[in-house]
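Please view the sequence and the model together before reading on.

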Amino acid sequence: EVSDINIAVAVVDGVTAGEMVKVFHSQDLKMKWDLSIEKSTLLEDKDELCSVYHQIQKRIWPTAQRELVYESHKQKLGEGDSPDWVVCNVSCDHPGAADGKLCRAKIEIVFYCQTIVSGDPSVRENVKCKIFYSAKIDPGGWVPAAAAKAAATTEYPKFLKSITKFAKNHLKDTAIEY
């Protein structure tokens with residue numbers, strides 16, 4: 001098993017925690033910014049906050065192509081005008097995604113977002129989102145530890161750049177949601 005815990009922190013101007021979590025959790029939006037995904041299929045909607053997905057990743061040469069089956073749960077934390085939000089993505093088994101020809105990766109991901117407000121909270125320029133991202137990924141199959149670390153070193157910055165750029169552009173002309 002090759003699985004280090006990778007941690008990243010970022011701050012995004014003009015976006016709230018609720019909005020950032022929506023961009024991360026929504027598969028429709030995720031397919032627009034996450035360039036590592038080839039295909040994502042909804043297997044089950046457990047409720048409005050929790051779903052199960054089967055996701056096929058684009059192949060990263062020279063490794064075998066990977067797939068994931070995971071439960072994604074989002075949750076508002078706290079009350080008040082600007083609550084924190086979290087999304088947890090955890091691998092699971094599901095009858096809708098039998099083992100296929102692809103290598104099955106396993107994940108434990110936490111995407112925690114906190115809104116910071118300075119001034120009038122109805123003005124987008126006065127809000128920012130602090131992201132705490134933690135990922136433990138077992139790519140499955142055989143992958144040299146050095147190759148897994150090298151992939152993480154290049155892929156996590158790409159991920160953060162892609163999601164933050166998309167969120168800012170996607171939300172810039174919309175009403176603020178907390």
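## A buried charged pair

In this predicted model, R104 and E67 are both buried. The two residues form a salt bridge, in which the closest N and O atoms are 3.2 Å apart. The pair links distant parts of the chain, since R104 belongs to strand 6 (residues 103-104) and E67 to strand 4 (residues 66-77), 37 residues apart.

## Other salt bridges

The whole structure contains four salt bridges. One of them joins the side chains of R124 and E19, at 2.9 Å from N to O. Here too distant parts of the chain are linked: R124 sits in the loop between strand 7 (106-117) and strand 8, while E19 sits in helix 1 (residues 17-25), 105 residues apart. R124 has a relative accessible area of 10% and is therefore buried, the cut-off being under 20%. E19 is likewise counted as buried, at 4% relative accessibility.

Another salt bridge brings together the side chains of K128 and D13, with 4.0 Å between N and O. K128 is part of strand 8 (residues 127-138) and D13 is part of strand 1 (residues 5-13), so this pair ties together parts that are 115 residues apart in sequence. K128 is partly exposed, at 32% relative accessibility. D13 is also partly exposed, with a relative accessible area of 44%.

## The surroundings of S91

S91 lies in strand 5 (residues 84-91). Its side chain reaches the backbone nitrogen of I107 at a distance of 2.6 Å. When neighbours within four places in sequence are left aside, the residues in contact with S91 are V69, Y70, A105, K106 and I107.

## The largest pocket

How much space lies in the largest pocket? The volume is about 1,200 Å³. The lining of this pocket consists of 40 residues, and those nearest the centre are S36, Q57, I60, I137 and E155. Two or more lining residues come from each of helix 2 (27-33), strand 3 (50-57), strand 4, strand 7, strand 8 and helix 3 (145-171).

Which element gives the most to the lining of the largest pocket? Helix 3 does, with 11 residues. Sorted by class, the lining of the largest pocket has 24 nonpolar residues, together with eight polar and eight charged ones.

Note on methods
Residues are numbered from 1 along each chain as its sequence is written. This is a predicted model: local features need pLDDT of at least 70, side-chain atom pairs count only at pLDDT 80 or more; totals for chains, interfaces and linings use all residues. Side-chain values use heavy atoms; hydrogens and water are left out. Helices (H or I, at least four residues) and strands (E, at least two) are DSSP runs, numbered from the N terminus. Buried means under 20% relative accessible area, exposed over 50%, partly exposed in between (1.4 Å probe, protein chains only). A polar contact is a pair of N or O atoms within 3.5 Å; within protein, one must be able to donate a hydrogen and the other to accept it, and residues adjacent in sequence count only if both atoms are side-chain atoms. Contact means heavy atoms within 4.5 Å. On a 1 Å grid over the protein atoms alone, a cavity is a set of points where a 1.4 Å probe fits but cannot get out, and a pocket is an open set with protein on both sides within 12 Å along at least five of seven lines; lining residues have an atom within 4 Å of a point. Grid points are joined across faces, edges and corners, and a volume is the space filled by probe spheres set on the points. Ala, Val, Leu, Ile, Met, Phe, Trp, Tyr, Cys and Pro count as nonpolar, Asp, Glu, Lys and Arg as charged, and the others, Gly among them, as polar.
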